[in-house]
Amino acid sequence: MPEPARVISGAHASSGRDHPLLRRILIGLTLLIVGVLIVIPVVNIFVQAMGGGLWGYFSNLFSDRDTRHSILMTLIVAPISVAVNTVFGVAAAWTIARFRFPGRTLLTTLIDLPFSISPVVAGLMLVLLFGLQGHMGPWLREHNIQILFAMPGLILATTFVTLPFVARELLPVMEAIGAEEEIAAISLGASAWQTFWNVTLPNIKWGLLYGVVLCNARAMGEYGAVYVVAGHQGGRTYTMPLQVNKLFEDSRTSESFALASLLTLLAVVTLAAKVALERRTRRELLAATRPSEVPETNDLPHAGAGPPSVRVNQTRLRPELIMTTAKPVDSASAAPSQGMAGA
Amino acid sequence: MSIKVNNVSKKFGAFNALKEVSVEAGAGSLLALLGPSGSGKTTLLRVIAGLETPDSGSVYYEDEDVTSQSARERNIGFVFQHYALFRHMTVFDNVAFGLKVRRWPRAKIRDRVRQLLALVRLDTLERRLPSQLSGGQRQRVALARALAIEPKVLLLDEPFGALDAKVRQELRQWLRRLHDEIHVTSIFVTHDQEEAFEVADKVVVMNSGRIEQVGTPQEVFEHPASAFVMDFLGNVNVFHGRLQDGRAHVGGMQFDYPDYAHQESLPTTLYVRPHELELHHGPSEAGSLKAHVERVNPAGSVAKVFVWSDEFGIGMHVELSSERYNELRVRPGDTVYVSPRRVRAFVPEPEYVI
């Protein structure tokens, strides 16, 4: 484990000894908040979902055609968005980490934009672009291309919202690893593809996977942007989160909770994967900056048999001292007592 | 294979990394590019490797103009200062990489890798990862990896810069022996004059994007072509004196300097190496400076003495052979007379020996 972690925990321990009461209050408060806001609601979802027993749970999930379809939609939309963002994220992170070009900072900021824009606004942007009143709407209609209220719209909205995850995760990893190994690969005769698959990808794989996991969790859970572009067509364009809401509005509470529990389960799995990957990513980053800890061994033949080192230190005289010699030269050469006869 | 660099210039923004540089390395030679940081030596190496494109000028391998070829096409072996080993690959796979991308048959790769690991004395460590190796071992893996592809040229960028002094010493002697065995044309970059002198056949001294001098280590050390080279190659006492009427005047001493026969006095800088200064108990006929001994360090192969001249307010570093030191037996506080055996000035003629 990295050094700082130990230092921090040590600091906690010492401050805890100083104020045992404060420590208990703080820990208690944290547990209370986590419990009330997170643990109880999450557990409650599973309790509610399992209210009708295991059989009831599965029938709630799979008996309704629209619910089944929403699961299918999510299983199609999320992987496509994740795949698009993986390709984009790797390319963007590589470009930003490896090249210095005008607009580089702007590009980095733009990648973050989807984080700060409300998903509803993101959805609305697509409607304004592809809707009938939008710029491309009439043209799309003429050519019989359906984007809004259909699969392409859902994928576009989800991709937009989840765009930063992979790039953001990869950028620090790529910067820490540096370009040297890639340059070495090219100097050894590898093509760009060979370099990417054999050198770049293995070095970033845990960071990449971490970004993909986060991206996937968000893609499956996205509601706002998808809601705007889905139209109100349950059973056709609804993904799992939309269907959860619809079931709830229709007062089909147990079905709603069953589907919600499925989404939550996904979140729990993501969390576990995240913790595991985070550790590996940190190791990846650490390995990129750590010097060798292996002691040098004398495995060279005739090692150390050479002549002794004759390192000479640079001992230039200070110029201001030197300059003073210029003046007394004449007086010195004029004075015979100095014993400085000409050569 | 010989390498020729012809009038190469390279700018990074407003910074002139290389200014019209021309240099040649004969087939099978071992050339050192020596200079302080920012002198352009690494840029020159990268231009030769094809990792950097020159703004103007050309690079020849033998008679072939390779200026427009990429590093990939040039078939070079490049060794990086920080090794740049593939961290997720074993030692074996690192060395095999260049052969794999060339689609060598598996059995042939195995033989070649084993042969190279034996050459760099790492045959027992082929299953290790780079993180399980010491710095010196990593550098040897990097060397084996570069040599595996049977490069036409071996280029090394500060190959021992990241290693501690003792390992550096061992590795460079080993590199010299290795080069004598395999005779591939090699160029390495270093800022350490000792390293350049010990390893290279020929040294190229660089300063602010230009070549100051090219020559064998002995030529460069004995006959520095410029004040920069004189100053850069180790310890030197610098005096400010003047030239007039065919004489050089330094702090009360005078020497013949026939190359400057003008009437007007020309202020100049004169250089004397510590081992070229002589100490006497009494004044010398040829002219000497009276000084007193401040520090004596007799440890090592030469005795290092620091003397101070009150009269002229200058200090001088003197190196005496052990024999001479035993004769003189100077101690701090002693009064001595200092005279140079050799003085160099670089204006207007490059060198003058008395």
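Reader: Against which helices do the buried residues of α3(B) pack?

Author: They pack against α10 of chain A together with α4 (106-119) and α5 (135-148) of chain B. This is a predicted model, in which local features need pLDDT of at least 70 and side-chain atom pairs count only at pLDDT 80 or more, while totals for chains, interfaces and linings use all residues. Residues are numbered from 1 along each chain as its sequence is written, and chains are lettered from A and ligands numbered from 1 in the order in which they are written. Helices (H or I, at least four residues) and strands (E, at least two) are DSSP runs, numbered from the N terminus.

Reader: How many residues of α3(B) are buried, and which are they?

Author: A residue is buried if 20 or more other C-beta atoms lie within 10 Å of its own, exposed if 12 or fewer, and partly exposed in between, with C-beta atoms placed from the backbone. In α3(B), seven of its 10 residues are buried, and the helix is mostly covered. The buried residues are V91(B), N94(B), V95(B), A96(B), F97(B), G98(B) and L99(B).

Reader: What covers the buried residues of α10(A)?

Author: Helix α10 (residues 180-187) of chain A is mostly covered too, with six of its eight residues buried: E181(A), E182(A), A184(A), A185(A), I186(A) and S187(A). Their cover includes α11 (192-221) of chain A, and from chain B α1 (41-49), α2 (71-74), β6 (76-79) and α3 (91-100). Just after α10(A), G189(A) has a positive phi of about 100°.

Reader: How do the axes of α8(A) and α11(A) cross?

Author: Axes are lines fitted to C-alpha atoms, for helices over the stretch in contact, and angles run from 0 to 180 degrees between N-to-C directions. The axes of α8 (residues 151-162) of chain A and α11(A) come within 9 Å and cross at roughly 135°. Angles under 35 degrees count as roughly parallel, over 145 as roughly antiparallel, 65 to 115 as roughly perpendicular and the rest as oblique; α8(A) and α11(A) are therefore oblique to each other. Two residues are in contact if their C-beta atoms, placed from the backbone, lie within 7 Å. Here T158(A), V161(A) and T162(A) of α8(A) meet C215(A), R218(A) and A219(A) of α11(A).

Reader: Is L277(A) buried or exposed?

Author: L277(A) is buried, with 22 other C-beta atoms within 10 Å. This residue lies in helix α14 (residues 253-289) of chain A. Apart from neighbours within four places in sequence, L277(A) is in contact with W206(A), L209(A), Y210(A) and V213(A). L277(A) and W206(A) are 71 residues apart in sequence, yet 6.2 Å apart in space, C-alpha to C-alpha.

Reader: What is the order of the strands in the open sheet of chain B?

Author: Two strands pair if DSSP finds at least two bridges between them. The sheet has five strands in the order β15-β19-β16-β17-β18, with antiparallel pairing. The edges are β15 (277-280) and β18 (314-321) of chain B, each with a single partner strand, so one side of each has no neighbour in the sheet. From one strand to the next the twist averages 45°. Within the sheet, five bridges join β16 (residues 289-297) to β17 (residues 302-309) of chain B, and R295(B) stands opposite F306(B) in β17(B).

Reader: How many helices and strands does chain B have?

Author: Chain B has 10 helices and 20 strands. Buried residues make up 48% of its 354 residues.
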